[in-house]
Amino acid sequence: MAANSSSTVSKPSNIIGGKQTGPSAEQVVAAFQRMRSEQRSMASKAAELEMEINEHSLVIETLKDVDPTRKCFRLVGGVLVERTVKEVLPALGSNKEQISKIVESLNIQMQTKGRELTEYREKYNIRLVGEGEEGQGKSAATSNGGGSKGGAGVLVS
C-alpha cells in the first residue's frame, strides 16, 4: 500500500467542474463502519447460535439415558408444554440440525462480508489506526488532518 501513496494517487479529487464525482471521506468512513458493524453482528449471532447448539447437545445427551415414557417439559414459544422424552428427543435433534445449517450460512456470509470489506479498504485506501505503525501510520495520520473525521480509528487517504 505504500506504493499507492504517491503524490499523484494519494487523494482522489471528489469535485470536478463543481460536481461531486465520488463519495466524500465521511461517506466512505460511514459505509466502512456500517459494513464492519454488519460483520460484527453476524459474528455475535453465530456465537449465540453456537451456544444454543451446545445447550441442545447437552439436553440430548442427558435425555438419552432417561426412560422414553417419562414426562418432560419443553418451552415452546414462551409456553411450557408437557411431553414425553420420546417426543422431545427427535424435535431437539431436528432443531439442532437446523441451527447448525444457519450457523454454516452465517459463516459463509461473514466470509463474503470480509472479502467485501477488504476490497472496500483497498479501493478507498482505508487504514485502521494502529495498523502499520512502523513509521508511516503516524505520518499518515498527521497529513490527513490529525486522524479520522468521525470514523473511530479509520483513516482514508
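The buried residues of helix H2 are Val 85, Val 88, Leu 92, Ile 99, Val 103, Leu 106, Met 110, Lys 113, Gly 114, Leu 117, Tyr 120 and Tyr 124. Here buried means under 20% relative accessible area, exposed means over 50%, and partly exposed lies in between, with a 1.4 Å probe and protein chains only. The structure is a predicted model, in which local features need pLDDT of at least 70 and side-chain atom pairs count only at pLDDT 80 or more, while totals for chains, interfaces and linings use all residues. Residues are numbered from 1 along each chain as its sequence is written, and side-chain values use heavy atoms, with hydrogens and water left out.

Helix H2 covers residues 85-124, 40 residues in all. From its first C-alpha to its last it reaches 57 Å, close to the 58 Å expected at 1.5 Å a residue; the expected span is 1.5 Å times one less than the number of residues. Helices (H or I, at least four residues) and strands (E, at least two) are DSSP runs, numbered from the N terminus. The protein has three helices and six strands, and along the sequence they follow the pattern β-β-α-β-β-α-β-α-β.

Val 88 belongs to helix H2 and counts as buried because its relative accessibility is 5%. Leaving out residues up to four places away in sequence, Val 88 touches Leu 63, Cys 72, Arg 74 and Arg 83, where a contact means heavy atoms within 4.5 Å.

The largest nonpolar core consists of ten residues: Val 28, Val 29, Ala 31, Phe 32, Met 35, Leu 117, Tyr 120, Tyr 124, Ile 126 and Val 154. Such a core is a set of buried Ala, Val, Leu, Ile, Met, Phe, Trp, Tyr and Cys residues joined through side-chain atoms within 4.5 Å. Helix H1 (25-64) and helix H2 each supply at least two residues of this core. The greatest contribution, five residues, comes from H1. Another core lies apart from this one and has eight residues, including Met 42, Leu 49, Val 103 and Leu 106. In soluble globular proteins, nonpolar side chains tend to be buried together.

Leu 117 of the largest core touches Phe 32, Met 35, Arg 36 and Gln 39, residues up to four places away in sequence not being counted. Arg 36 is situated in helix H1 and, at 19% relative accessibility, counts as buried. Beyond its neighbours within four places in sequence, Arg 36 is in contact with Leu 117, Leu 128 and Val 154.

A search of the whole structure gives one aromatic pair. It is formed by Tyr 120 and Tyr 124, with 4.8 Å centre to centre and 55° between the planes, a tilted arrangement. Rings of Phe, Tyr and Trp (its six-membered ring) pair if their centres lie within 6.5 Å; planes under 30 degrees apart count as stacked, over 60 as edge-to-face and the rest as tilted. Tyr 120 and Tyr 124 are separated by about one helical turn because they are four residues apart in helix H2. Both residues are buried.

Asn 125 counts as buried, at 10% relative accessibility. Ile 126 lies in strand S5 and is also buried, with a relative accessible area of 2%. Ile 126 and Ala 25 are 101 residues apart in sequence, yet 9.9 Å apart from C-alpha to C-alpha.

Of the 157 residues of the protein, 25% count as buried. Among contacts with a separation of 6 or more, residues 24 or more positions apart account for 65%. The protein exposes about 10,600 Å², of which carbon and sulfur atoms supply 55%; accessible areas come from the Shrake-Rupley method with a 1.4 Å probe, and for residues only the protein chains shown count as cover.

The average pLDDT, the predictor's confidence in each residue from 0 to 100, is 81, and 71% of the residues score at least 70. Over residues 1-11 the pLDDT is below 50, and this stretch has nine contacts in the model beyond near neighbours in sequence. Residues 137-150 also stay under 50, with 13 contacts in the model beyond four places in sequence.
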